[in-house]
Protein chains: 2
Amino acid sequence: MIPVFEALADETRRALLERLRLDGPLPLSALAAGMPMTRQGVTKHLELLRAARLVRVERRGRERIHALDPQPLREATEWLAPYAARWETRIERLKQHLEE
Amino acid sequence: MIPVFEALADETRRALLERLRLDGPLPLSALAAGMPMTRQGVTKHLELLRAARLVRVERRGRERIHALDPQPLREATEWLAPYAARWETRIERLKQHLEE
DNA sequence: TTGACATGCAACCTAGAGGTTGCATACTGG
DNA sequence: CCAGTATGCAACCTCTAGGTTGCATGTCAA
């Protein structure tokens with residue numbers, strides 16, 4: 001059980017999550033392409049993201065499709081919420097943004 | 001320039017931020033008391049939080065008062081916002097499904 | 001069937017995070 | 001002034017995160 005903030009601490013992992021959010025489910029090879037590291041390096045990051053329940057993996061033929069699961073990010077947002085009260089009336093704008 | 005998620009990745013640092021949020025500005029000695037580590041250990045974490053602009057330090061006599069600065073947490077919340085849209089729409093879909 | 005592609009598995013390397021101990025420095029109150 | 005409190009500074013230790021290389025396995029396409 002990897003805490004979500006630990007998973008978010010790494011730039012590579014954040015990039016992977018962004019990629020999955022924008023482009024939808026992808027196989028490892030697609031995720032590894034364009035990354036400044038080896039495929040095996042990306043694999044390790046994906047394993048950690050999976051341990052943090054942020055990605056779900058599903059076999060499809062010889063590929064393994066990785067899909068985003070944003071649910072654990074909710075904990076993170078909820079942890080941050082009380083601090084948001086500190087930076088004051090900006091909350092309203094954020095609320096509106098979230099409701100869109 | 002420490003990215004904020006890296007600062008949030010450690011349980012001890014999150015505890016320090018919580019403490020500062022709830023109890024207001026505190027000297028190092030007060031923050032170190034009750035922590036399961038040495039004062040110097042706490043110092044290192046506070047230095048990192050300071051590098052991440054999450055705490056401001058101010059000398060007062062022989063004490064150094066540490067105060068929370070929640071501003072950088074806003075970046076974190078904003079980074080998370082688009083993902084929140086995902087679980088919101090999921091909930092909406094679920095609602096609609098249940099209403100059928 | 002046979003390459004070629006997608007991935008898994010394991011061993012290995014290295015820098016830095018997270019912690020310690022020991023001592024130095026600075027301020028304060030009586 | 002002196003003793004105690006608050007903190008800084010530096011060296012050191014250990015473990016693991018983040019990356020590599022090399023090879024094995026499984027699957028598709030012709």
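B:Ala9 lies in the loop between H1 and H2 of chain B. The model in which this residue is viewed is a predicted one.

- B:Ala9 is partly exposed, because 18 other C-beta atoms are found within 10 Å, whereas a buried residue needs 20 or more.
- Apart from its neighbours within four places in sequence, B:Ala9 is in contact with A:Phe5, A:Glu6 and A:Ala9.
- A distance of 14 Å separates the C-alpha atom of B:Ala9 from that of B:Leu46, a residue 37 places apart from B:Ala9 along the chain.

**Helix H2 of chain B**

- Helix H2 of chain B covers residues 11-23, which makes 13 residues.
- From its first C-alpha to its last, H2(B) reaches 18 Å, close to the 18 Å expected at 1.5 Å a residue.
- Which residues of H2(B) are buried? They are B:Arg13, B:Leu16, B:Leu17 and B:Leu20.
- These buried residues fall within an arc of 95° when H2(B) is seen down its axis, so they line one face of the helix.
- On the other side of H2(B), the residues B:Glu11, B:Leu22 and B:Asp23 are exposed.
- The buried residues of H2(B) pack against several elements of chain B, including helix H1 (4-8), helix H3 (28-32) and helix H4 (39-51). Strands E1 (26-27), E2 (55-60) and E3 (63-68) of chain B are also among the elements they pack against.
- Just after H2(B) comes B:Gly24, which takes a positive phi of about 80°.

**The sheet of chain B**

- Chain B holds an open sheet of 3 strands in the order E1-E3-E2, and the pairing is antiparallel.
- E1 and E2 of chain B stand at the edges with a single partner strand each, so one side of each has no neighbour in the sheet.
- E2(B) and E3(B) run antiparallel and are joined by 6 bridges.
- B:Arg60 has B:Glu63, in E3(B), as its bridge partner.

**Chain A as a whole**

- Chain A contains 6 helices and 3 strands.
- Along the sequence, these elements of chain A follow the pattern α-α-β-α-α-β-β-α-α.
- Chain A has 100 residues, of which 22% count as buried.
- Of the contacts in chain A between residues at least 6 apart in sequence, 53% join residues at least 24 apart.

- A:Arg53 is found in the loop between helix H4 (39-51) and strand E2 (55-60) of chain A. A:Arg53 has a positive phi of about 65°, although it is not a glycine.
- A:Arg53 is partly exposed, with 15 other C-beta atoms within 10 Å.
- B:Arg53 has its place in the loop between H4 and E2 of chain B. Its phi is near 65°, a positive value in a residue other than glycine.
- B:Arg53 is partly exposed, with 16 other C-beta atoms within 10 Å.

**Where chain A touches chain B**

- How many residues does the contact take from chain A and from chain B? It takes 20 residues from chain A and 19 residues from chain B.
- Helix H1 (4-8), helix H5 (71-84) and helix H6 (90-99) of chain A each supply at least two residues of the side that touches chain B.
- H5(A) gives the most to this side of chain A, with 9 residues.
- By class, the side of chain A that touches chain B has 13 nonpolar, 3 polar and 4 charged residues.

**The surface near DNA strand C**

- Of the 20 residues around DNA strand C, those that come nearest are A:Pro27, A:Ser29, B:Thr38, B:Gly41 and B:Gly61.
- Two or more residues of this surface come from each of helix H3 (28-32), H4 and strand E3 (63-68) of chain A, and from H4 of chain B.
- H4(B) gives the most to the surface near DNA strand C, with 5 residues.
- The residues of this surface divide into 4 nonpolar, 9 polar and 7 charged.

Note on methods:
Residues are numbered from 1 along each chain as its sequence is written. Chains are lettered from A and ligands numbered from 1 in the order in which they are written. This is a predicted model: local features need pLDDT of at least 70, side-chain atom pairs count only at pLDDT 80 or more; totals for chains, interfaces and linings use all residues. Helices (H or I, at least four residues) and strands (E, at least two) are DSSP runs, numbered from the N terminus. The expected span of a helix is 1.5 Å times one less than its number of residues. A residue is buried if 20 or more other C-beta atoms lie within 10 Å of its own, exposed if 12 or fewer, and partly exposed in between; C-beta atoms are placed from the backbone. The arc is that of the directions from the helix axis to the C-beta atoms. Two residues are in contact if their C-beta atoms, placed from the backbone, lie within 7 Å. Ala, Val, Leu, Ile, Met, Phe, Trp, Tyr, Cys and Pro count as nonpolar, Asp, Glu, Lys and Arg as charged, and the others, Gly among them, as polar. A residue is near a molecule or strand if its C-beta atom, placed from the backbone, lies within 6 Å of it. Two strands pair if DSSP finds at least two bridges between them.
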